Amino acid sequence: MPFPRSSGILLHPTSFPSRFGIGDLGLEAYRFIDFLKESHQQYWQVLPLGPTGYGNSPYMCYSAMAGNPLLVSPEKLLEEGLLVEEDFANLPAFPVEKVDFDQVVSIKIGLLKKACEKFRVNATPIQQKEFAGFCDSKAYWLDNYALFMALKDANKGASWHTWEPEFVKREPEALDQVQRRLNGEIFYYKFIQFQFFRQWSDVKSYANMRGIDIIGDIPIYVAHDSADVWAHPDIFALDEETGVAAQMAGVPPDYFSATGQLWGNPVYNWEELQKQDFKWWVQRFEAMLDYVDIIRIDHFRGFEAYWSVPQGEETAMNGEWVEAPGEAFFEVIRQKLGKLPVLAEDLGVITPEVEALRDKFEFPGMKVLQFAFGSDPGNPFLPFNYPRNAVVYTGTHDNDTTIGWFNSANDYEKQNLLLYLGCISPEGVHWDLIRLALSSIANQAIIPLQDVLGLGNEARMNFPSTAEGNWGWRYQAAALTEELSSRLKVLTRLNGRAPQEH
């Protein structure tokens, strides 16, 4: 669906300041929303909010529907009486500009377990009823997730396909027995989700009250080592004997990579999904729309055709394109959920068939200014080539910051940008690209906070195809100044993107 002319900021909650080494859903989330409101922004875009696994990537989570325990605010648990100030007495000196995930996990999980135990012993009848109601309403994914995580802990973190055969095959009698044995651990994982969703719901309500819609992110694929694949093996392309991915997701070789990208996630068994009327996907969309207002679909082209690589391959070179039932899928989603507030991530090699699928359902596609200056006037990322029904970014979480990009750009790109702009303004190239995005005809413009802050390569969020060292950037509380807010507000109003009441 086309959206009104507007703008917003891309920032993952882990990037908030906090004294616990990682951003969370405490006070700084509300301060950031206030900054958005004062700057006349109408969107806050986040990365996937799920529980991350190896590499801490929000795009490789243990569940497609659960929330990340590391985002739960200990200070909110303190307000509830589930922790006391003394619990924070010996916090280490966390790095302030990066997340040290190992250090954060070692401290934060201890606090969450302490809060869980206090809740188990001291919860009032009203709190118990609220918890039971939550568990009941989310049972369609929460039961599998909590049991999966408890079993994963019992197996020292090993991937599910290496567990005892009765658990790999989900034999009912074995699952009944282990649920009784791991009752305490299962309770803990449900309690953490209860707290995550309460805290996130409060943050979202505050954002909506301030006129801010939240754009969430659905990765098309889920991690092989996830509750979803373990609980629903029939809808994924798995080897029936070993449980590993029989067909793996990725993208073919291109200009950027001679061997393509092999992601390793299992592709979907779309035939089985279609037989089930796409039930799991419908539930996934429903779960997502519980806690965001708009959904960005990552790797949208995979709904038209996807690159499938056989088990055992070490690169993506020997794959093939396989058609997906995208039109039937989105028809079912629309029938069950109504007109969808969806943005399509349509970057990469996009065919006319992919464009037709996107346009049939009126999903805005993405335009990235950092891709605009490396070729000729036909470049679809140049602003004069945009359709109105699009969302423009200076860069995304997978790109360098604008300053980092400009500093490492080749002479041809720099020259093209300078010719296009006339000159680099005294405020810097980041404000030039922000102005270019806001002034374009694209209905929506989204700016990473790193660009608003004018940060360089040190603030980059992700280096694609690099397994470690990503997702850690954080800003400091003093960074969100009135001067920045004022500058962004002036540009937003000037380019007709401010909310109507202003």
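Reader: What makes β10 and β11 a pair?

Author: Happy to explain, with the note that this is a predicted model. Strand β10 (residues 365-368) and β11 share four bridges in the parallel sense, and two strands count as paired once there are at least two bridges between them, so β10 and β11 qualify. One of the contacts along the way is G365, whose bridge partner in β11 is A390.

Reader: And how do you know that β11 pairs with β12?

Author: By the bridges again: β11 and strand β12 (residues 444-448) have three, in the parallel sense, and the requirement is at least two, so they pair. Here V391 has Q444 of β12 as its bridge partner.

Reader: Why are both faces of β11 called covered?

Author: On one side of β11 (residues 390-393) sit A390 and V392, and on the other V391 and Y393. All of them are buried, which means each has under 20% relative accessible area.

Reader: What makes β5 and β8 edge strands?

Author: Their sheet is open, with four strands in the order β5-β4-β7-β8 and antiparallel pairing. β5 (261-266) and β8 (320-323) each pair on one side only. Neighbouring strands there are turned by 45° against each other on average, direction ignored.

Reader: How do you know that β7 is paired with β8?

Author: Strand β7 (residues 305-310) and β8 make four antiparallel bridges; at least two are needed, so the pairing holds. In it, Y306 stands opposite V322 of β8.

Reader: On to helices: why is α4 called roughly perpendicular to α5?

Author: Helix α4 (residues 125-137) and helix α5 (residues 139-154) pack at about 95°, with axes 6 Å apart. The label covers 65 to 115 degrees, so α4 is roughly perpendicular to α5. F134, C135, D136 and S137 of α4 make the contact with A139, Y140 and L142 of α5. Those residues divide into five nonpolar, one polar and one charged.

Methods:
Residues are numbered from 1 along each chain as its sequence is written. This is a predicted model: local features need pLDDT of at least 70, side-chain atom pairs count only at pLDDT 80 or more; totals for chains, interfaces and linings use all residues. Side-chain values use heavy atoms; hydrogens and water are left out. Axes are lines fitted to C-alpha atoms, for helices over the stretch in contact, and angles run from 0 to 180 degrees between N-to-C directions. Angles under 35 degrees count as roughly parallel, over 145 as roughly antiparallel, 65 to 115 as roughly perpendicular and the rest as oblique. Contact means heavy atoms within 4.5 Å. Ala, Val, Leu, Ile, Met, Phe, Trp, Tyr, Cys and Pro count as nonpolar, Asp, Glu, Lys and Arg as charged, and the others, Gly among them, as polar. Buried means under 20% relative accessible area, exposed over 50%, partly exposed in between (1.4 Å probe, protein chains only).
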